[in-house]
Amino acid sequence: IRHLISLADYSKEEILELVKLGEKIYNSPKDYAKSCEGKIMATLFFEPSTRTKFSFESAMLRLGGNVLGFSDANTSSVKKGESVADTIRCISYYADIAVMRHPKEGTPKLASMYSEIPIINAGDGGHLHPTQTLTDLLTIHTYKGGLENHVIGLCGDLKYGRTVHSLIKTMARFNTKKFVLISPEELTLPESLKRYLKDNYDVKIKEVRYIEEAIEELDILYMTRIQKERFFNEEDYLKLKNTYILDNDKIRNGKKDMIIMHPLPRVNEISYEVDSDKRAIYFKQAKMGVYVRMALITKLLEVE
Ligand code: CP
């Protein structure tokens, strides 16, 4: 069985194939309206979600399949102390594919070891969020005309941000020219990840504190939320929560064809005034999530 736990388990060619299939489905979704007829997808969300859960469910319904699941683990027998292993063993009998989000790093991987159906990691703690990365890749491919040779600025919570960790690891494989890491000292990219990039890729890495120090050179500005739920105490969060507030003034010197992305949800890190700038594509990005997830489901269920 093929799962998607990390994109590191997929070749560059396979990733590109998923992105291109996502693009094809986006252009002619009706051609895929019956691809998953008779198939069932289970969504197991042990952490809150709007985009990932709904876009997966929308994807499966648009493919002609059905969905079941929970978004509150308290309504499942996990509440009675059942293990993830036993849960997934049983879900394997009720569904053909399962999507799991869990606050604990590695839980979807553990589930895949006990599963008889494909497991998709929909975000595990501060670790990885591979289907957000696929969404980001389809967005970059569509709005920048390709995945290679970009200067990418990543701003906000680079320490705990699983979307950032997944994206950096994957975009490094697509010959990214330069990563500009924009974060407060407390939320810098983990040293292990920086070392991994330096040891394995010929990519420049620059670290700055403020967006204004780098805006002029960016092809892509990827904003992220300071994530309250990843802090051990509220005081530390309160100190950092207003660090970045992107407004029209801060992007004035950005390239005309720069794109501004954000995995969403946002809190206050992008002012609403930026939404009407044509470079702001974060809602288009959220839309792309449906089509690339349609591509992934058809591949894993081998119904394409
Ligand atoms: N981008 C993302 O993962 O959003 P949700 O948390 O709403 O699923």
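Author: Let's start with Lys80, which is found in the loop between strand E2 (66-70) and H3. Keep in mind that this is a predicted model.

Reader: What makes Lys80 count as buried or exposed?

Author: The cut-off for exposed is over 50% relative accessible area. Lys80 has 72%, so it is exposed.

Reader: And what does UniProt say about Lys80?

Author: An unreviewed UniProt entry puts the annotation "binding site" on Lys80, Arg162 and Arg225. They span 146 residues in sequence and the farthest two C-alpha atoms are 33.2 Å apart, so they do not all gather at one spot. From this set, Arg162 and Arg225 are in the lining of the largest pocket.

Reader: How do you know whether Arg162 is buried or exposed?

Author: Buried means under 20%. Arg162, which lies in helix H6, has a relative accessible area of 7%, so it is buried.

Reader: Why is the pairing of Arg162 with Glu47 called a polar contact?

Author: The limit for such a pair of N or O atoms is 3.5 Å. The side chains of Arg162 and Glu47 make theirs at 3.1 Å. Leaving aside neighbours within four places in sequence, Arg162 is also in contact with other residues, including Arg101, Asp124, His129 and Arg230.

Reader: His129 is on that list. Where is His129 placed, and what makes it buried or exposed?

Author: His129 is in the loop between strand E4 (119-124) and H5. Its relative accessibility is 3%, so it counts as buried. Beyond four places in sequence, the residues His129 touches include Thr52, Arg101, Arg162 and Arg293.

Reader: Which residues does UniProt group with His129 as a "binding site"?

Author: The unreviewed entry places that feature at Arg51, Thr52, Arg101, His129, Gln132, Leu264 and Pro265. Of these, Arg51 and Gln132 are included in the lining of the largest cavity.

Reader: What about Leu264: buried or exposed?

Author: With a relative accessible area of 11%, Leu264 is buried. Leu264 is in the loop between strand E9 (259-261) and H10. Not counting residues up to four places away, Leu264 touches Arg51, Tyr282, Phe283 and Ala286.

Reader: Which residues of H1 are buried, and what tells you where around the axis they sit?

Author: Ile15, Leu18, Val19, Leu21, Gly22 and Ile25 are the buried ones in H1. They cover an arc of only 160° around the axis, so they sit on the same side of H1. The face of H1 turned away from that side carries exposed Glu13 and Asn27. As for partners, the buried residues of H1 pack against helix H5 (130-144), helix H6 (162-172) and helix H10 (282-300).

Reader: What makes you say H5 is largely enclosed?

Author: Of its 15 residues, 13 are buried, so H5 is largely enclosed by the rest of the structure. Gly145 follows H5 and has a positive phi, near 75°.

Reader: How do you know how the buried residues of H7 are arranged?

Author: In helix H7 (residues 191-200), Leu193, Lys194 and Leu197 are buried. Seen down the axis, they fall within an arc of 100°, so they line one face of H7. Arg195 and Asp199 are exposed on the other side of H7.

Reader: Lys178 is a lysine, so what is its label, buried or exposed?

Author: Lys178, in strand E6, has 17% relative accessibility, so it counts as buried. The side chain of Lys178 makes a polar contact with that of Glu217 at 2.8 Å.

Reader: Last one: why is Asp96 called partly exposed?

Author: That label is for values between the 20% and 50% cut-offs. Asp96 has a relative accessible area of 27%, so it is partly exposed. Asp96 lies in the loop between helix H3 (84-94) and strand E3 (97-102). A polar atom of the Asp96 side chain lies 2.7 Å from the backbone nitrogen of Ile40.

Technical notes:
Residues numbered from 1 in each chain as written. Predicted model: local features only at pLDDT ≥ 70, side-chain atom pairs only at ≥ 80, totals over all residues. Heavy atoms only, no water. Buried < 20%, exposed > 50% of the residue type's maximum accessible area, 1.4 Å probe, protein only. Helix = DSSP H or I, 4+ residues; strand = E, 2+ residues; numbered from the N terminus. Arc of directions from axis to C-beta. Contact = heavy atoms within 4.5 Å. UniProt positions renumbered as here; feature names shortened; annotations may be inferred. 1 Å grid on protein atoms, 1.4 Å probe; cavity = no way out; pocket = protein on both sides within 12 Å on 5 of 7 lines; lining within 4 Å. Polar contact = N/O pair within 3.5 Å; in protein donor to acceptor, adjacent residues only side chain to side chain.
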